[in-house]
Structures are given as structure tokens and as C-alpha cells.
Amino acid sequence: MKIFLATGNKHKIDEIKAIFANVKDVEILSIKDGIDIPEVVEDGDTFEANSAKKALEIAKFTGMITIADDSGLCVDALGGAPGVYSARYSGENATDESNNAKLMEVMKDEKNRKCHFVSVITLGKPDGRAYSFRGEIEGELLYEPKGKDGFGYDPYFYVTEYGKSLAEIPKIKNKISHRANALKKLAKELSKILVD
């Protein structure tokens, strides 16, 4: 079974492929396999809306079962921001560095550092059916980045249970992250969904 992964983010492609490595009879394809896909405007106000829109539009375009992810960082003291705007928090041409710099500036005097990552993974079929799964991981925002193996907000996301940032524990991250938690739920239901 070939499943297309609808993202242009090479870090996400590697992470999702690694998490799916143990799922039998499933081959994950992506833009790395030379398949071009159109840009999908993520204009929903929830992770679920953006994830489903992307999965269904790309499934229709490719004619393949498609997995899409929408994910982001939700900071308690900011009422859940940056949330669905995590990737473009610092503006249209945002980078990981500019997003983190803005977040640190906004949070510099804030004592409440509690936050969580959210990932909603949607499997979309070319016939318009969609199945969404939500995963989360709790953490706290660091004041300084730690670790070199993450992307996005990972160097600032401290996982209390491990006493490290996500960027310091890449192998463990693929087992405990918001994306891993959402993908585990999908993997559990996958055989049922594929015959549905």
C-alpha cells in the first residue's frame, strides 16, 4: 500500500517515515520521490481543519491515499498562541530562528512557561473521506535553546520527564512527540481505514 505524505517539510518527512518504519505493507511516498504537489492554503482556525484540507486536496490531486499533518506550539500564558500560526508566527517569511526570537521576546518576563505541542494527522482518501487523529505532548518553555537535533521550537521545548529539550533527545522524540502520539493512533486504526 502506497501512502503519500503531504508536506514540503523535509524534517517532518524524515520523522514520519521513521515512525512508520515498523508498519507492515505500507510505503510512504513524498516530494522526495519526485512527486510535485500544489501549495495548499492553510486558512483554517484549527489544526483539524488545516490537516483535513491538506490531506483531501492532495489526495484528490494525486489520486493516492494521503497523510497530512498540521501541528504547532500552544503556550498557556499566550492563550494557546502561536497555535495554528506556529510556522508563520513572526510573519510571512518566517524562519525557525525568527519565530523563536519573537516567542522569546514575547515571553521574556513571563513566569508561567507551561506549553504543549499539538499534532493532528489526517488520512484523506481521493473520494473525499477523512480520518483525523490528535496527539499532544506537555512541556515548558526554556529561556535559552538546548540541543542541536530538533527543528522549529524543539530547542526551547523542555520535557520534564526526561529533563531535556526535544532537540536533545531525537531518538526518544520519535516515540513520545505530539506527532508520534497522533501517528500511533492512526497506525492502530490503519487496517480498518484502508478497507473502509
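User: What makes up the lining of the largest pocket, in terms of nonpolar, polar and charged residues?

Analyst: In this predicted model, the lining divides into eleven nonpolar, eleven polar and ten charged residues. There are 32 lining residues in total, and Asn 9, Lys 12, Glu 42, Lys 54 and Ala 87 lie nearest the centre of the pocket. Helix H1 (10-20), strand S3 (66-75), helix H3 (96-106) and helix H5 (178-195) each give two or more residues to this lining. The volume of the pocket is about 900 Å³.

User: Why is Asp 70 called buried?

Analyst: Buried means under 20% relative accessible area. Asp 70 has 5%, so the word applies. This residue sits in strand S3, and UniProt, in an unreviewed entry, places the feature "active site" at Asp 70.

User: What makes Glu 42 a contact of Asp 70?

Analyst: A contact needs heavy atoms within 4.5 Å. Glu 42 meets that condition with Asp 70, as do Thr 46, Phe 47, Asn 50, Ser 51, Val 84, Val 118, Ser 119 and Val 120, leaving aside neighbours within four places in sequence.

User: Is Asp 154 buried or exposed, and how do you know?

Analyst: Its relative accessibility is 3%, so Asp 154 counts as buried, the limit being under 20%. Asp 154 lies in the loop between strand S5 (130-141) and strand S6 (157-159). Among the residues that Asp 154 touches are Phe 117, Ser 165 and Lys 173.

User: What makes a group of residues a nonpolar core, and which members of the largest one touch the most others?

Analyst: The members must be buried residues of the nonpolar types listed for a core, joined through side-chain atoms within 4.5 Å. The largest such core has 20 residues, and Ile 3, Phe 20, Ile 67, Leu 123, Leu 183, Leu 186 and Leu 190 touch the most other members. Its largest share, six residues, comes from H5. Apart from this core lies another, of 17 residues, including Leu 103 and Tyr 153. In soluble globular proteins, nonpolar side chains tend to be buried together.

User: Which residues does Ile 3 touch?

Analyst: Not counting residues up to four places away in sequence, Ile 3 touches Val 26, Glu 27, Ile 28, Leu 29, Met 64, Ile 65, Ile 67 and Leu 190.

Note on methods: Residues are numbered from 1 along each chain as its sequence is written. This is a predicted model: local features need pLDDT of at least 70, side-chain atom pairs count only at pLDDT 80 or more; totals for chains, interfaces and linings use all residues. Side-chain values use heavy atoms; hydrogens and water are left out. On a 1 Å grid over the protein atoms alone, a cavity is a set of points where a 1.4 Å probe fits but cannot get out, and a pocket is an open set with protein on both sides within 12 Å along at least five of seven lines; lining residues have an atom within 4 Å of a point. Grid points are joined across faces, edges and corners, and a volume is the space filled by probe spheres set on the points. Helices (H or I, at least four residues) and strands (E, at least two) are DSSP runs, numbered from the N terminus. Ala, Val, Leu, Ile, Met, Phe, Trp, Tyr, Cys and Pro count as nonpolar, Asp, Glu, Lys and Arg as charged, and the others, Gly among them, as polar. Buried means under 20% relative accessible area, exposed over 50%, partly exposed in between (1.4 Å probe, protein chains only). UniProt positions are given in the numbering used here, feature names are shortened, and annotations may be inferred rather than shown by experiment.
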